[in-house]
Amino acid sequence: MARTPRSKTTKTKMPRRVDVLIGGAGYVGLATGLAIAKNAPDLNVAIVDAAPEGVWEKDTRASAIAAAATRMLDELGCWEDIVKTAQPMTEMIVTDSRASDVVRPVFLTFDGEVEPGEAFAHMVENVHMVRALRKQCDAHGVMVFQGQALAGFEAASDDGSVTVETADGESVEASLLIACDGVRSRLRDMAGIKTVSWQYGQSGIVATIEHERDHGGRAEEHFLPAGPFAILPLSGNRSSIVWTERTEAANRLVAADEFTFEFELEQRFGHHLGEIKPLTKPRAYPLGLTLSREFIAHRFALAGDAAHGIHPIAGQGLNLGLKDAAAIAQVVVEAHRLGQDFGTLDVLDRYQRWRRFDTLQMGVTTDVLNRLFSNDIAPVRAARNIGLGIVDRLPAMKTFFIRQAAGLAQTAPNLLQGKPI
């Protein structure tokens, strides 16, 4: 199929037929569309998102991007723009204490490099990452339609297409529909794919904090009885916090006046970076675990939070999503080069086998870590602190853990190794 001419991401009318249609214009949807279009330029790729144009520019959150994901973004042509505002993590420390403790002993430390000159992770503000992805989508002819909700779809068994209906009554045919529409995915529900899920009774409070002193690129994870409190370095004298509290307490904190919030924040943040001040309005997000029982159906695939939602305790949510994007793009592109129909279950099953075990493993790991560290039971605290101390004294084990967190594996999709598909 011939490529539709390049144009900007705001469009009014959708084409009647594309090769790949993606629901959701977050970082996973954009990365998936870009990866396919860049490596198979003869495929038409369109992305549809229900949010109005410009909403993404109001996102004040930041994310930890592992080394493998930075390699992928570099291969996709995005990293050159992102790195201008990215903050490398030079060090990570882990403590286990109570908020009222005067001293917080450090039980575990990690150096910040996986290779000489390559940080194991960078902190990136979401708005800069999405802007860079959109720029490259425009450059490679990926069509992005904002303000267009998908109302339903039907995958035909005999004509090689899935017919998708928009809320505006338009009809689009595609060879494959990829759902990247978040943990509460409507497309997943429409496909009849079930999930295993539960809530933790916790919420993550997210905000950007300004502080008096330089953080030096150090990330901090303080395990407190209510849950982890993470201080993640941003460019300049700023940090992003991910503050886990019981949901009722979190809702009270974000609704409190500035003095109350800043007082409670200071109790957990500490004074090592001098005076602190919130730069963005704190927001609380309920935390839970959601794992899809299947990642695929006929001419349909899940990616990102639509396939899995995990606790942020390990900072791997975004990276899992980019792994999905790299894997589904490689499966589609390689099948297309071989002349195969990439929307069939036989082809899509490769993607499912590639990603489902890794996702389950990470979901179980974050669930166990959260249950282990989000309590104040004395024997449990003693046991976990001994365990952290042992790991800290085993350099080989620390190197293994940091490379795993960085997403570096020989079995990873090409893009995560910095290679084209």
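A residue counts as buried when its relative accessible area is under 20%. In this predicted model, R299 has a relative accessible area of 3%, so R299 is buried.

Figure 1. R299 sits in the loop between β21 and β22, the latter covering residues 300-302. Its phi is positive, about 60°, although R299 is not a glycine. Most residues other than glycine have a negative phi. With 3% relative accessible area, R299 falls under the 20% limit and is therefore buried.

**Figure 2. The whole protein chain, for orientation.** The protein chain holds eleven helices and 23 strands. A compact globule of 421 residues would have a radius of gyration near 22 Å, and the value for the protein chain is 22 Å, so the two agree. Along the principal axes, the C-alpha atoms fill a box of roughly 65 × 45 × 40 Å. Of the 421 residues, 54% count as buried. The accessible surface comes to about 18100 Å², and carbon and sulfur atoms account for 54% of that surface. Taking contacts between residues at least 6 apart in sequence, 75% join residues at least 24 apart.

**Figure 3. The aromatic pair of F229 and W243.** The count of aromatic pairs in the model comes to five. In the pair shown, the ring centres of F229 and W243 are 5.7 Å apart and the planes are at 70°, so the arrangement is edge-to-face. F229 belongs to strand β17 (residues 227-234) and W243 to strand β18 (residues 238-246), so the pair ties together parts that are 14 residues apart in sequence. F229 and W243 are both buried. Together with F261, these two residues form one aromatic cluster.

**Figure 4. The aromatic pair of F295 and Y351.** A pair of aromatic rings is described by the distance of the centres and the angle of the planes. For F295 and Y351 the values are 6.3 Å centre to centre and 50° between the planes, and the pair is tilted. F295 is in the loop between β20 (283-292) and β21 (296-297), while Y351 is in helix α9 (residues 345-373); the pair links distant parts of the chain, 56 residues apart. F295 has a relative accessibility of 1% and counts as buried. Y351 is also buried, at 0% relative accessible area.

**Figure 5. The surroundings of S185.** S185 is placed in the loop between β14 (176-179) and α5 (186-190). The relative accessible area of S185 is 0%, so this residue is buried. When neighbours within four places in sequence are left aside, S185 is in contact with A179 and A306. G141 lies 44 residues from S185 along the chain, and their C-alpha atoms are separated by 26 Å.

Figure 6. Strand β15 spans residues 195-211 and includes T208. T208 has a relative accessible area of 5%, which means that it is buried. Leaving aside neighbours within four places in sequence, T208 is in contact with T60, with L234, with R238, S239 and S240, and with K277, P278, L279 and T280.

**Figure 7. V347 in helix α9.** V347 is located in helix α9, the helix that also holds Y351. The relative accessibility of V347 is 13%, so V347 counts as buried. Apart from neighbours within four places in sequence, V347 is in contact with V331, A335, Q340, D341 and F342.

**Figure 8. I390 in helix α10.** Helix α10 covers residues 378-392 and contains I390. Partly exposed residues have relative accessible areas between the buried limit of 20% and the exposed limit of 50%. At 48% relative accessibility, I390 therefore counts as partly exposed. I390 and V106 are 284 residues apart in sequence, and their C-alpha atoms are 13 Å apart in space.

Terms used:
Residues are numbered from 1 along each chain as its sequence is written. This is a predicted model: local features need pLDDT of at least 70, side-chain atom pairs count only at pLDDT 80 or more; totals for chains, interfaces and linings use all residues. Side-chain values use heavy atoms; hydrogens and water are left out. Helices (H or I, at least four residues) and strands (E, at least two) are DSSP runs, numbered from the N terminus. The radius of gyration is taken over C-alpha atoms; the globule rule is 2.2 Å times the number of residues to the power 0.38. Buried means under 20% relative accessible area, exposed over 50%, partly exposed in between (1.4 Å probe, protein chains only). Contact means heavy atoms within 4.5 Å. Accessible areas come from the Shrake-Rupley method with a 1.4 Å probe; for residues, only the protein chains shown count as cover. Rings of Phe, Tyr and Trp (its six-membered ring) pair if their centres lie within 6.5 Å; planes under 30 degrees apart count as stacked, over 60 as edge-to-face and the rest as tilted.
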